[in-house]
Amino acid sequence: MTIDFLPTLPVAASLAACVMLPVALLVLSHGPFKVTAPGRRFVLAAGVVWTAWVATMIAVRPDWVDLVTGALLLATATLAGFTLWTLVAWGFTVSMLLALARADRPLTVDGWALAYTRGKPLAAFAQDRLGVLLKLGLAEVRGGEVVMTPRRGRAFAKAATMLRRLFGLSK
Amino acid sequence: MNSLLVGLGCFALHAVVTLVWLRLSGRTSPVARHAASSLATHALGVASAAQFVGPFAYWPAAAVSGFLAVCWLFAFSAVYKSVSLRILTQLDCTPGHAMPMEAVTEDYVRPEFATRASLLVTMGCATEADGAFEVTEKGTATARRIAGIQHACGIAASGLYGEATDLMPLTTALLDPEGVGQHSPGQRPG
């Protein structure tokens with residue numbers, strides 16, 4: 001056979017670590033080990049799994065190809081897992097649907113926004129999303145205005161614009 | 001080493017296919033295009049390598065192409081859906097790179113909300129009549145499934161970063177992962 005589908009021991013251990021990530025997340029989601037904040041919970045689960053993986057790699061002493069393979073497999077699982085996790089916890093459209101279903105009656109866009117933010121004005125949602133830019137140092141609030149930071153903010157904005165062009169997205 | 005290069009080749013093919021496919025109109029969602037292209041180019045690349053490269057281990061090739069494909073999708077999702085990045089790129093185009101808070105709410109967040117409402121209507125999860133939106137049976141069933149997943153994951157709050165967590169990792173900020181969209185890629189996704 002020209003393709004060897006059988007994983008080596010380090011790769012098999014890495015695949016097992018990928019499976020352990022959702023298991024660790026579930027363990028930290030309930031019971032005595034529950035971590036309340038979903039973001040921190042994911043980081044902790046990923047940290048535990050990555051630590052176990054590093055310990056295993058030290059024990060099995062893989063060659064560099066197996067080491068890179070294992071690291072990439074676990075990185076893929078972490079990235080994909082985090083994408084799904086953030087979708088469940090913070091997804092915009094998902095949360096809008098849940099708010100409409102909770103209301104169980106017709107809502108105008110403004111009413112829907114109120115249901116989404118649980119009674120807060122839409123400005124609260126805007127501030128919530130802006131908080132991300134502020135915490136990452138991409139923008140600042142100065143006298144009631146949102147101002148892009150000259151270096152980091154500009155660099156991110158340029159990179160985002162370039163990526164939009166690359167993917168053929170309209171401005 | 002050969003198998004790592006095979007994985008790299010699979011991804012290169014995937015990148016080319018998505019860059020072309022995302023520019024074409026159609027009903028298939030962008031995320032589905034990414035997924036279909038990733039699987040097809042991986043299968044094609046591995047099968048071709050088996051013919052022309054000679055014996056190689058599968059898993060290193062799978063790891064390289066899988067990792068790069070996920071990063072590629074991540075980058076796409078960030079610029080396609082993120083409200084925060086949209087505000088940032090608008091700030092870059094604004095004179096003085098500044099905007100009043102009210103303008104952010106009224107010019108970007110409110111239209112974003114309306115766009116996503118239309119998306120839910122398009123998906124058949126909501127109906128609109130006289131400017132009022134109501135959840136459909138399909139929407140109720142979907143919402144029930146999502147609530148079940150949230151319950152299983154121990155997530156109580158949703159929607160606002162500040163309510164659900166005290167930690168906002170970089171990837172959350174960039175992604176706003178909304179892989180359920182059914183827009184064609186050239187459209188403004190909301």
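Author: Residues are numbered from 1 along each chain as its sequence is written, and chains are lettered from A and ligands numbered from 1 in the order in which they are written. Because the model is predicted, local features need pLDDT of at least 70 and side-chain atom pairs count only at pLDDT 80 or more, while totals for chains, interfaces and linings use all residues.

Reader: Why is Ser29(A) called partly exposed?

Author: A residue is buried if 20 or more other C-beta atoms, placed from the backbone, lie within 10 Å of its own, exposed if 12 or fewer, and partly exposed in between. Ser29(A) has 19 C-beta neighbours inside 10 Å, and therefore counts as partly exposed. Ser29(A) lies in the loop between α1 (9-27) and α2 of chain A.

Reader: What is Ser29(A) in contact with, leaving aside its neighbours within four places in sequence?

Author: Two residues are in contact if their C-beta atoms, placed from the backbone, lie within 7 Å. With those neighbours left aside, Ser29(A) is in contact with Lys34(A), Arg41(A), Cys153(B) and Gly154(B).

Reader: How many residues of each chain are in contact with the other chain?

Author: The contacts involve 78 residues of chain A and 88 residues of chain B. On the side of chain A that touches chain B, the largest share, 15 residues, comes from α3(A). Helices (H or I, at least four residues) and strands (E, at least two) are DSSP runs, numbered from the N terminus.

Reader: What classes of residue make up the side of chain A that touches chain B?

Author: Ala, Val, Leu, Ile, Met, Phe, Trp, Tyr, Cys and Pro count as nonpolar, Asp, Glu, Lys and Arg as charged, and the others, Gly among them, as polar. By these classes, that side has 50 nonpolar, 19 polar and nine charged residues.

Reader: What makes β3(A) and β2 of chain B a pair?

Author: Two strands pair if DSSP finds at least two bridges between them. β3(A) and β2 (residues 98-100) of chain B have three bridges, in the antiparallel sense. In β2(B), Met99(B) is the bridge partner of Val146(A).

Reader: How is chain A divided into domains?

Author: The bounds come from an automatic or database domain assignment, which gives domain 1 (9-90), domain 2 (91-120) and domain 3 (122-171). The centres of domain 1 and domain 2 of chain A, taken over C-alpha atoms, are separated by 34 Å.

Reader: What share of chain B counts as buried?

Author: Of its 190 residues, 44% count as buried. Chain B has eight helices and four strands.
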